Amino acid sequence: HSSKKTYSTTVILAMLGGGFKSSKLQVNLKLSMQRFKLLEKKKTEQAMKSRREIADLIKNGRIERARIKVEHIVREDYLVEAMEILELYCDLLLARMGLLETMAYCEEGLSESVNTLIWATPRLQADVQELEQVSKQLSLKFGKTFGEQARANRTGAVNEKVIHRLGVQAPSPSLVEQYMSVIAKNYNVHYEPDTSVMIEGNIPEPITEKTFQLDPRGPSPPSGPGYPPYGGPPPSNFGGPPPSNFGGPPPSNFGGPPSSTYPPNAPSFNNPPYPPTTQQYPSQSPYPPPAGGAAPYPPQGKPDRPREEDRADTP
């Protein structure tokens, strides 16, 4: 009943001229996207200049002053990232405007974008004034109660990343220290980061030449589902000198006739045993006789000349 009531209220307001207007929403969405792009470009250029100033402060030993400016850069980077997400949401609503006009309530496919735009409006209204009209039109479309819930994020549909990027909490000391290390490295300025702060923030160690040194034990074997269990490292003598008799003279019977115990009944590692038989191999063929008592294989090599009686019978 509530959805029907909201829909009927929206229809009545539209008839009176004070309800949802898709054309007005489209115009303000496009203007918001343009404003977002301009602000992103402007703040990115300002951040590049600030990084140069921070590198000079680090070079002159004014570390505390540099940390304060780094906190400001982190906030600006967060703001730019949130604007990029909101710009994508504006583009999404424009692409689905035809579907949005036919909705009686906000469906799941547009819930996050609509809720996030309404939630972010009070926090970015000073920079992007068009967001106020976007939020107003969306509230008229889906009802006053929906707009109030979206501003308070009561349904939890607002993008978590936007909530964090537009939060008022100060950046963590570990993140500030990482920013300073990267800025100093990019501008070739010597800086010794506070290792205790970086360890507390679980920041990985900086990449050095030691990182690229090869492990003498070789690469680690793959592990996980589908891989056999690792049997441990190779034996201690692996890769050592060859045995004492390696490279010596061949055995005395090397190259001689085969052993008398070999065909046809002597099994070996590379040759499976054959069934007992009294028929020996043809002298001209290296292959064993065929099974089942069939005629032996024809002799290999060049055939003999025909006999005189054979040539006499030939026409």
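Q: Which residues of helix H5 (residues 108–124) are buried, and what covers the buried residues of H5?

A: This is a predicted model, in which local features need pLDDT of at least 70 and side-chain atom pairs count only at pLDDT 80 or more, while totals for chains, interfaces and linings use all residues. Residues are numbered from 1 along each chain as its sequence is written, and side-chain values use heavy atoms, with hydrogens and water left out.

Helices are DSSP runs of H or I with at least four residues, numbered from the N terminus.

Buried means under 20% relative accessible area (1.4 Å probe, protein chains only). Because 12 of the 17 residues of H5 are buried, this helix is largely enclosed by the rest of the structure. The buried residues are Leu110, Ser111, Ser113, Val114, Asn115, Thr116, Leu117, Ile118, Trp119, Ala120, Thr121 and Leu124.

Contact means heavy atoms within 4.5 Å. The cover over the buried residues of H5 includes H2, helix H3 (63–95), helix H4 (97–101), H6, helix H7 (144–152) and helix H8 (160–165).

Helix H2 (residues 22–59) holds lysine 43, which is buried with a relative accessible area of 15%. Lysine 43 touches Glu76, Leu79, Val80 and Met83, leaving aside residues up to four places away in sequence. Helix H6 (residues 130–142) holds glutamate 130, which is also buried, at 14%. With the same exclusion, glutamate 130 touches Asn28, Leu31, Ser32 and Arg35.

Definitions and conventions. Helices (H or I, at least four residues) and strands (E, at least two) are DSSP runs, numbered from the N terminus. Buried means under 20% relative accessible area, exposed over 50%, partly exposed in between (1.4 Å probe, protein chains only).
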